[in-house]
Amino acid sequence: MHSLNIPDGIDQDRRRFLGTAAKAVAATQLGLIAPAAAQQATEAPATSFGRLNQIDAGVLSVGYADMGPASGPPVILLHGWPYDIHTYVDVAPLLALKGYRVIVPYLRGYGTTRFLSSETVRNGQQSAIALDIIALMDALKIEKATIGGCDWGARTACIIAALWPERCKALVSVSGYLIGSQEANKMPLPPKAELQWWYQYYFATERGRAGYEANRQDFAKLIWQIASPKWDFDDATFNRSAASFDNSDHVGIVIHNYRWRLGLAEGEPKYDDLEKRLAELPVIIVPTITLEGDANGAPHPNPSAYAKKFSGRYEHGTIDGGIGHNLPQEAPQAFAKAVVEAGDH
């Protein structure tokens, strides 16, 4: 394992005031784009992906952002809970300027992603979400991609890298190896660690489901604040992502995800074989960079606990400067640089 030191290059208080030109200059210093591109970038900071695309893939109609040249090396970036595609709103332009084709999909239960059939089980288990991304790659005719993720997205990216390494050129995973199993989740944690999972136990109750249904935006904002205690996000930034929680399947997917982890909700039998393989915590062989913020307030493993789960070229970087759980949005240059470095090997 090699140590990777990736400075964010932009302090917390100034980030939201920087224009694209300043971002491009910072990216140039990090080796992400050419100086000419930095000189030409004069637009305002990115606030959205613009018009989104929609495609039928597997059991879903997937809403996704598609940025950069269509012929560029593909990169797929996956968000978590309670976040959305805007986790990568500043990462994607940096990679697009470098020549990558960047795909950022809404996961099932978020944004414009919808189930094609009302009969489909609203299943949030880990293997089902991973298969959604494989189906999206098939629909987009993407054979192999560099895959990056944070939170649920990191788990999904790890699963794809572990079970379908032929589809994953390289992996960038925030908080490392996040594949789990219901059996492993039966083991109690020390009380202080259990406290960090308070919302998981809240969601195990019908009171919790009703509470999340009624207060999903306030709930999400609280999680953002706890998980990234030094991230000074404004209301516009939060509201932009919170709109994705209005999806009619959002609550069902979130509740099932956390109940399934504890063995309180059944998965679908068709995923049993995949879950058995994942329960063995398979080693990931593709080139990998794991990242961690120095101020992550969410539950997360120590990097030393998962280093041996990566048998290919592997590096880990801790991002300084008060960076919390939503690392790609809080430190976009650092995350984009990791994507480039992981995919170059």
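In which strand is Gly-148 found? Gly-148 belongs to strand β7 (residues 145–149); helices (H or I, at least four residues) and strands (E, at least two) are DSSP runs numbered from the N terminus. The model is predicted: local features need pLDDT of at least 70 and side-chain atom pairs count only at pLDDT 80 or more, while totals for chains, interfaces and linings use all residues. Residues are numbered from 1 along each chain as its sequence is written, and side-chain values use heavy atoms, with hydrogens and water left out.

**Overall composition**

The secondary structure of the chain comes to 15 helices and 10 strands. Of its 345 residues, 58% count as buried, where buried means under 20% relative accessible area, exposed over 50%, and partly exposed in between (1.4 Å probe, protein chains only). Among contacts (heavy atoms within 4.5 Å) between residues at least 6 apart in sequence, 78% join residues at least 24 apart.

**Gly-148 and helix α15**

Gly-148 is buried, at 1% relative accessibility. Leaving aside residues up to four places away in sequence, Gly-148 touches Ile-76, Leu-77, Leu-78, Tyr-88, Ala-157, Val-172 and Phe-335. Phe-335 is one of the buried residues of α15. Helix α15 (residues 332–343) is mostly covered, with 12 of its 12 residues buried. From first C-alpha to last, α15 reaches 17 Å, close to the 16 Å expected at 1.5 Å a residue; the expected span is 1.5 Å times one less than the number of residues.

**Aromatic pairs**

A search of the whole structure finds 29 aromatic pairs. Rings of Phe, Tyr and Trp (its six-membered ring) pair if their centres lie within 6.5 Å; planes under 30 degrees apart count as stacked, over 60 as edge-to-face and the rest as tilted. Two of the pairs are listed here.

| Pair | Centre distance | Plane angle | Class |
|---|---|---|---|
| Trp-198 and Phe-219 | 5.4 Å | 35° | tilted |
| Tyr-199 and Tyr-258 | 5.5 Å | 85° | edge-to-face |

The Trp-198 and Phe-219 pair links helix α8 to helix α9 (residues 206–227), across 21 residues. Trp-198 is partly exposed at 31% relative accessibility, whereas Phe-219 is buried at 8%. Tyr-199 lies in helix α8 and Tyr-258 in helix α11 (residues 250–261), so their pair ties together parts 59 residues apart in sequence. Both Tyr-199 and Tyr-258 are buried.
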